Amino acid sequence: MSNSLTLYTPAGVLAKAQPIKRAAKRLAKLGFEVSIDEAAFDKHQRFGGDDDTRLAAIHRVAAAAPSVALATRGGYGLTRLLDRIDWALLAKSVEQGTRWVGQSDLTALQLGLLTHAKAQSWAGPLGVDFGRPDKDGGVDDVTQDCFTEAMSGQLEAVGFRTEKGFDGLCLRGQLWGGNLCMVNSMLGTAHFPRIKGGVLFLEDINEHPYRVERSLLQLAQAGVLDAQKAIVLGDFGGWRASPLDRGYDLKSAIAAVRAVTKTPILTGLPFGHVDTKVCLPVGAKVDLVVQGRNVLLGWQNDPLLKHEHDQEQAHPH
């Protein structure tokens, strides 16, 4: 399989071209044959080109079926296109080996792919993550290594630390999710994946904990949280405390949600609008195992895990 990678802009406008040109050079040094889509630097209001331009870009990338389709940035814009995307064309590109990668607004594309085509994609970095100037720290090592391993098919698991209280948890389910606001915006639409027994991962930025709580309660009240085997929370930074909070914070918000769902809610996933982020296979079957406070999220069929899972199925507690 070739190592072709296309940078394209399906959502928000790129303020400057330089970071993406820098990203293209860095990705080329990592061994990718990089091309930048012809409309990547288009501008229309706050969008990377008008709706037709961005839709055409998505379809153009899908038709070319590169090894990696990497969105330059998120922002907002994919919601406008969901009803018009040729999901069969995108599914065909996945069958040909294309990995659609991104986060934030790209959640809409990834969940749409899962719903309409049962196709996998990758929650991971955006083009701008590879375009950060050296004076600002350059590319995060973990993000880069995770990305290159995931794109070459070598990444089989990610690990992280969570809170106390989940030791011994062992489960299997379909991994799905992404940006919390985007997930909620799709609830009740034809594009929302109706997944039962899944592992739902969520992150967001610049949302006060009460807004995070409200969104999570919406998912709980819609029956989504109880239908999952686990909820895994990534980063929820960028918010500012208010004098009215009086001790209310993200922990308070999560505690309120834990009180209304039977599904375990784990925190600590290194994913979100942060420099250091792992890659996650959206739509893949994953095994989640907790030992002490260490969590392993893996997506290769480990014979031991499979055996334990089969034993559990044969002798449910």
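**View 1. A28 in helix α1 of the predicted model.** A28 is partly exposed, with a relative accessible area of 40% (buried means under 20% relative accessible area, exposed over 50%, and partly exposed in between, with a 1.4 Å probe and protein chains only). The residue lies in helix α1, residues 18–29 (helices, H or I, of at least four residues, and strands, E, of at least two, are DSSP runs numbered from the N terminus). Between the C-alpha atoms of A28 and T79 there are 31 Å, with the two residues 51 apart along the chain. Numbering starts from 1 along each chain as its sequence is written, and side-chain values use heavy atoms, with hydrogens and water left out. The model is predicted: local features need pLDDT of at least 70, side-chain atom pairs count only at pLDDT 80 or more, and totals for chains, interfaces and linings use all residues.

**View 2. The six-stranded open sheet.** The strand order is β2-β1-β3-β4-β5-β11, and the pairing is mixed (two strands pair if DSSP finds at least two bridges between them). β2 (33–36) and β11 stand at the edges with a single partner strand each, so one side of each has no neighbour in the sheet. From one strand to the next the twist averages 25° (axes are lines fitted to C-alpha atoms, for helices over the stretch in contact, and angles run from 0 to 180 degrees between N-to-C directions). Strand β5, residues 121–123, runs antiparallel to β11 and is joined to it by three bridges. A123 has L280 as its bridge partner in β11.

View 3. Strands β12 (residues 285–291) and β13 (residues 294–298) are antiparallel and pair over five bridges; V290 has V295 as its bridge partner in β13.

**View 4. Strand β7 and its two partners.** Eight of the ten residues of β7 are buried, so the strand is largely enclosed by the rest of the structure. On the β12 side, five bridges join the two strands in the antiparallel sense, and R172 has D287 as its bridge partner. With β8, the pairing is parallel over five bridges, and the bridge partner of W176 is L200. Strands of a sheet pair through backbone hydrogen bonds, either parallel or antiparallel.

**View 5. Aromatic pairs, with W176 and F192 in detail.** The model has seven aromatic pairs (rings of Phe, Tyr and Trp, the last by its six-membered ring, pair if their centres lie within 6.5 Å; planes under 30 degrees apart count as stacked, over 60 as edge-to-face and the rest as tilted). One of them, W176 with F192, is edge-to-face, at 5.6 Å centre to centre and 80° between the planes. W176 lies in strand β7 (residues 170–179) and F192 in the loop between α6 (180–186) and β8 (199–203), so the pair ties together parts that are 16 residues apart in sequence. W176 is buried at 0% relative accessibility, and F192 is buried at 5%. Elsewhere, ring pairs link F32, F130 and F147 into a cluster.

**View 6. K21 over the ring of F41.** K21 lies over the face of F41, 5.9 Å from the ring centre. The criterion is that NZ of Lys or CZ of Arg is within 6 Å of the ring centre and within 35 degrees of the ring normal.

**View 7. Surroundings of F271.** F271 lies in the loop between β10 (265–267) and β11 (280–282). With a relative accessible area of 2%, F271 is buried. Leaving aside neighbours within four places in sequence, its contacts include Q103, A123, G124, F201, E203 and L280. The C-alpha atoms of F271 and N179 are separated by 10.0 Å, with the residues 92 apart along the chain.

**View 8. Two ranges listed by UniProt.** The record places "domain: LD-carboxypeptidase N-terminal" (unreviewed entry) at residues 7–124, and lists "domain: LD-carboxypeptidase C-terminal" (unreviewed entry) for residues 172–288. UniProt positions follow the numbering used here, feature names are shortened, and annotations may be inferred rather than shown by experiment. Residues 7–124 are 39% helix and 14% strand, with the end C-alpha atoms 14 Å apart. Residues 172–288 are 25% helix and 23% strand, with the end C-alpha atoms 6 Å apart.

How values were computed. Contact means heavy atoms within 4.5 Å.
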